[in-house]
Amino acid sequence: MGPPKVQVNSNIISDAPKERRKSKTDKEKKRQRKSKPHGPGGELRSSFITQGASGSSIHPGGGAIIVKPRRPSRENSFSSTGSSEGNDDGDEKDAPTRLDPSLIHQAHGAHRHNSLKNRSSASGGGAADSSSSLGCRCMLAYNVSTVERDGTCVQWSNSCFAEGEHCKAYKGRYIGGPNNGKPCVVKRLKRQSESKPPNQFLRDIEIAEIGQIFAKEFNALPEVKSGRTVQFTVPVLLQVESPSKFGDFSFGDYITAEDFFPGKFEKYVNNAGLLLYAGTLSSFCHFTYHKSKGNMLIVDIQGVMTAGSYLLTDPSLHSKKQCQYGDLDHGMNGIYNFFTTHECTGICRRFNQPRIPENILEQRKRIIEDKQDDFDRAGAGSVWSHG
């Protein structure tokens with residue numbers, strides 16, 4: 001005799017296998033999605049189904065109760081709203097809201113802006129506009145040069161702060177090499193040169209090197225040791241490596257970089273031999289003629305006066321062979337012009353000087369004296385003001 005048969009009441013929870021329950025649940029879902037009426041009465045089959053508090057489907061007429069477990073919540077932290085219980089799309093009602101891709105781009109954009117801003121402030125790139133809406137402006141506002149063998153590299157702005165006869169000057173900063181972190185002046189030619197590198201830059205560097213050699217010998221004189229010494233800055237020839245998108249520099253353009261001198265910038269002796277005032281620098285010009293045995297004379301002396309020295313830049317040179325050192329080399333005419341107005345001091349009184357015929361001397365003196373008044377009134381330092 002077998003086990004007793006157990007009669008199951010229809011109002012008890014069904015003990016059917018899980019697969020069968022799942023299959024029956026799928027059938028119920030299909031019936032709920034149907035929108036057409038079954039029969040003439042127009043009554044929907046789904047209208048007989050009500051939702052229990054626990055999420056189970058209950059037949060009001062008594063029959064079996066089919067349990068439908070509540071799914072765990074999978075809401076995303078980026079989701080603005082949760083799932084709705086009244087949604088009839090079975091599997092989709094609990095799905096999390098997808099993250100808007102624009103949020104990802106905004107996050108990356110903010111990170112890139114902060115990264116570039118920190119990198120610019122760490123390299124000492126000058127005062128960038130912190131309120132700019134362009135995140136990369138703090139870096140692209142500057143030009144960057146090539147790197148020399150000693151590591152010298154500069155960056156500079158696009159705003160020209162001064163200009164001379166041949167060049168424009170821009171404020172910059174050394175970002176590598178022996179002078180790393182110090183301010184500098186970057187110069188470019190007003191007119192593009194066919195020669196690569198430009199002969200003008202090569203001559204400027206050569207004249208500055210000659211001037212520095214003469215300055216060391218001049219500073220060694222007993223009469224000069226107790227006073228202000230003379231120093232020339234020698235430019236460094238570089239090229240544009242990374243041009244700014246906000247300027248007119250191009251990749252490969254030749255530039256020169258030299259030390260920046262804070263203070264009042266003045267032209268003490270101009271190219272025509274006019275003097276701002278007689279003194280040490282005028283004696284230095286005389287010394288270059290004497291030391292070179294009359295072959296050359298350094299003029300166009302300009303720079304900044306400090307407590308113990310004259311910091312000078314961008315000199316010119318007159319030689320016996322006119323235009324040997326560029327179009328500012330006026331030859332013997334330039335040498336005569338200087339000595340027409342030069343007054344020897346205790347430093348240069350014993351130095352050699354050219355013999356100028358009296359008629360030429362008087363003629364040049366009248367012409368130069370008229371120009372000297374204009375030179376004095378102009379202030380002599382308005383062209384290359386570093387301040």
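Me: Which residue lies over the face of Tyr 310, and how far is it from the ring centre?
Reply: In this predicted model, Arg 228 lies over the face of Tyr 310, at 5.9 Å from the ring centre.

Me: And which residue does Tyr 310 form an aromatic pair with?
Reply: Tyr 310 pairs with Tyr 268 in an edge-to-face arrangement, with 5.7 Å from centre to centre and 75 degrees between the planes. The pair links distant parts of the chain, since Tyr 268 belongs to strand β10 (residues 265-269) and Tyr 310 to strand β13 (residues 309-312), 42 residues apart.

Me: Is Tyr 268 buried or exposed?
Reply: Tyr 268 has a relative accessible area of 1%, so it counts as buried, and Tyr 310 is likewise buried, at 5% relative accessibility.

Me: How many aromatic pairs does the structure hold?
Reply: There are nine aromatic pairs in the structure, and ring pairs also join Phe 218, Phe 232, Phe 284, Phe 287 and Phe 351 into a cluster.

Me: Switching to strands, what runs β3-β4-β5-β6-β9-β8?
Reply: That order describes a closed barrel of six strands with antiparallel pairing, in which neighbouring strands are turned by 45 degrees against each other on average, direction ignored.

Me: How many bridges join β8 to β9?
Reply: Strand β8 (residues 236-242) and strand β9 (residues 254-259) run antiparallel and are joined by four bridges, and Val 236 stands opposite Ala 257 in β9.

Me: Which helix packs on the sheet?
Reply: Helix α4 (residues 199-219) packs there, touching β5, β6, β8 and β9, and its direction makes about 140 degrees with that of β6.

How values were computed: Residues numbered from 1 in each chain as written. Predicted model: local features only at pLDDT ≥ 70, side-chain atom pairs only at ≥ 80, totals over all residues. Heavy atoms only, no water. Phe/Tyr/Trp six-rings, centres within 6.5 Å; stacked < 30°, edge-to-face > 60°. Helix = DSSP H or I, 4+ residues; strand = E, 2+ residues; numbered from the N terminus. Buried < 20%, exposed > 50% of the residue type's maximum accessible area, 1.4 Å probe, protein only. Lys NZ or Arg CZ within 6 Å of the ring centre and 35° of its normal. Pairing = 2+ DSSP bridges. Axes fitted to C-alpha atoms, helices over the stretch in contact; angles between N-to-C directions. Contact = heavy atoms within 4.5 Å.
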